Amino acid sequence: MSRRHLRYRRPLLATLAAFTVLGGTAAAAPAATPGAAPTTATSLRVLDDTYYQGALGKTGTQLKSALHDIISVQTKLSYSQVWNALKDTDEDPANSSNVILLYTGRSQSKNSNGGSVGDWNREHVWAKSHGDFGTATGPGTDIHHLRPEDVTVNSIRGNKDFDNGGSAVSGAPGNYTDSDSFEPRDAVKGDVARMLLYMAVRYEGDDSFPDLEPNDKVNNGSAPNIGRLSVLKAWSQEDPPDAFEKRRNDVIFDQYQHNRNPFIDHPEWVSAIW
């Protein structure tokens, strides 16, 4: 970790924790879109004065480059460590023994993770075959885009790009799919978009991993691209960050990777870059 980020991170975490205690904020049910934000206006100002200082006032490629430099300073997890991390990041605010599954929205026991039908497993929202990074430490283990999901629904999504339309997904109301794309339920459309755009900023091809970029296509196959960008931008606007998503960003920052998804803190940066 750079000296600059090490200097900022510890005081910043303490300051954010203080604001959380004073504000008495709590996470809302994840299905609500949007909800009360655990990150207050004051703590966002703290982030802007410290963590995001080098990005403020920029747009386009300059903003993308500045955010890349900021969020690339992170702690990396192994693929086995992801299991326990997701039990914290995606904890059901109404039941601490459960996690909320991304596409189904189902609350399920943290301990029912595995590979059998009815279990939940680790969904790569940026499909790992898009760039062929597998489960290698780095993009393959970055919990900003890894989420708990029902094994069967995860298989149905497979490595499809994201787009509107298709037939209803069995066992996952509100989700649709066809031969080359997947549409998640309305409550997490923005979450999906912001996770994918985080990946496009974080992984720029300068750390032995492929340069991941969104495009306006489907059927991207093994290319390091995912689409459809115009749809993702619309989803991000239609479904702004809610309390569950914001809490998740805080937990990843505070306890695990020590970096943030900037599009959760500043959703307006999506249109400022793309």
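Student: At what angle do α3 and helix α6 pack, and how far apart are their axes?

Tutor: The angle between α3 and α6 (residues 189-202) is about 90 degrees, and their axes lie 8 Å apart. An axis here is a line fitted to C-alpha atoms, for helices over the stretch in contact, and angles run from 0 to 180 degrees between N-to-C directions. Before we go on: this is a predicted model, where local features need pLDDT of at least 70, side-chain atom pairs count only at pLDDT 80 or more, and totals for chains, interfaces and linings use all residues. Residues are numbered from 1 along each chain as its sequence is written, and side-chain values use heavy atoms, with hydrogens and water left out.

Student: Why is α3 called roughly perpendicular to α6?

Tutor: Check the cut-offs: under 35 degrees is roughly parallel, over 145 roughly antiparallel, 65 to 115 roughly perpendicular, and the rest oblique. The angle is about 90 degrees, so α3 counts as roughly perpendicular to α6.

Student: Which residues of α3 and α6 meet?

Tutor: K64, L67, H68 and I71 from α3 meet Y198, A200, V201 and R202 from α6. A contact means heavy atoms within 4.5 Å. The residues of this contact split into 5 nonpolar, 1 polar and 2 charged. For those labels, Ala, Val, Leu, Ile, Met, Phe, Trp, Tyr, Cys and Pro count as nonpolar, Asp, Glu, Lys and Arg as charged, and the others, Gly among them, as polar.

Student: What makes I71 count as buried or exposed?

Tutor: Buried means under 20% relative accessible area, exposed over 50%, and partly exposed in between (1.4 Å probe, protein chains only). I71 has 0% relative accessibility, so we call I71 buried. I71 sits in α3 (residues 60-71), and among the residues I71 touches are Y51, N259, R260 and P262. R260 is 189 residues away along the chain, yet the C-alpha atoms of I71 and R260 are 6.3 Å apart.

Student: Which residues are buried in helix α4?

Tutor: In α4 (residues 79-89), those are Y79, V82, W83, A85, L86, K87 and T89. They pack against β1, β2, β4 (120-124), β5 (146-150) and α8 (243-256). Helices (H or I, at least four residues) and strands (E, at least two) are DSSP runs, numbered from the N terminus.

Student: How do you know that β1 and strand β2 pair?

Tutor: Two strands pair if DSSP finds at least two bridges between them. β1 and β2 (residues 95-100) have 2 bridges and run antiparallel, so they pass the test.

Student: What makes β1 and β3 edge strands?

Tutor: The open sheet has the order β1-β2-β3, with antiparallel pairing. β1 (91-92) and β3 (107-109) each pair on one side only.

Student: What is the mean pLDDT of the chain?

Tutor: pLDDT is the predictor's confidence in each residue, from 0 to 100. The chain's mean is 89, and 85% of its residues reach 70 or more. Over residues 17-39, though, the pLDDT is below 50.

Note on methods: Lists of a residue's contacts leave out its neighbours within four places in sequence.
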